[in-house]
Amino acid sequence: MQTNPTHTSLVALGDSFTEGMSDLLPDGSYRGWADVLAGRMAARTPGFRYANLAVRGKLIGQIVNEQVGRAVAMRPDVITLVGGLNDTLRPKCDMGRVRGLLTEAVERLAPSCEQLILMRSPGRQGPVLERFRPRMEELFACIDELAEQHGALVVDLYGAPSLSDPRMWDVDRLHLTAEGHRRVAEAVWQTLGYEAEDTEWRTPLPPSARPDWLARRNEDIRFTRQHLLPWIGRRLTGRSSGDGRTGAHFSAELDKPFWVTPADHTNPGPVTDWRRMEP
């Protein structure tokens, strides 16, 4: 791993975690850790290019079929791949198939970039994590093996105490808050070899008073109505939250991804806006 490297391009692949849910912006779009990371990298490198192809709800097979080939063709300096966790949450999950597809993805992506980044995804404390922990850990063991075989870097978010804290998770209990996404961006930033901006991103949050029983039950009821029942409904009907959606930087009209770059190259410092690059 380099120290304070220079990367000129980044492509992010995956599902809702990489799309940026639930780091909601005022205009209704999502930002997320990949955008935060790209902004940091762009502030250091004139002419930096970025593309986020992730789409909420995607399974690893869909990521392989819809995103991997396009990322390979773009040949960026850095590719991030986070996928497979949605598969592990399905009642009927063929972990052998998941491992095979993840292996295919890594074998295709690793030779097409200077650095491939994989992740051990974070898990929220609670009964859902405990129920699916064996599958998740099987997935993460596969990720570790593939990284060693293909020279990829692994960002261990699963082992970070701060990111298991329920306060880092949105009310849907599936997606990180803006602060959670910021910490993920910091983790990837450091893994790539850049100088740390937050050395305490793993540190657990300070203790807080636990809500009383009634407040917890009301929260459970709201969660069930607004998030759990719709999620179950999609599973029963074979629908996905990503149906009909494309990645943020994918043109459905042209059927191809596109790069974005900082809107103002003449203003060094934090990136506040992006513009689409013409072919």
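**Ser9.** I found Ser9 in strand β1, residues 9–14; helices (H or I, at least four residues) and strands (E, at least two) are DSSP runs, numbered from the N terminus. The model is predicted, so local features need pLDDT of at least 70 and side-chain atom pairs count only at pLDDT 80 or more, while totals for chains, interfaces and linings use all residues. Residues are numbered from 1 along each chain as its sequence is written, and side-chain values use heavy atoms, with hydrogens and water left out.

Is Ser9 buried or exposed? Ser9 counts as buried because its relative accessibility is 1%; buried means under 20% relative accessible area, exposed over 50%, partly exposed in between (1.4 Å probe, protein chains only).

Next I checked contacts, meaning heavy atoms within 4.5 Å. Beyond its neighbours within four places in sequence, Ser9 touches Phe48, Arg49, Pro76, Asp77, Val78 and Trp259. The Ser9 side chain comes to 2.8 Å from the backbone nitrogen of Asp77. I also noted 8.7 Å between the C-alpha atoms of Ser9 and Gly47, which sit 38 residues apart along the chain.

**Strands β4 and β5.** I then turned to β4 (residues 115–120), which runs parallel to β5 and is joined to β5 by 4 bridges; strands pair if DSSP finds at least two bridges between them. In this pairing, Ile117 stands opposite Leu153 of β5. On β5 (residues 153–156), Leu153 and Val155 form the covered face, and Val154 and Asp156 the uncovered one.

Terms used
A polar contact is a pair of N or O atoms within 3.5 Å; within protein, one must be able to donate a hydrogen and the other to accept it, and residues adjacent in sequence count only if both atoms are side-chain atoms.
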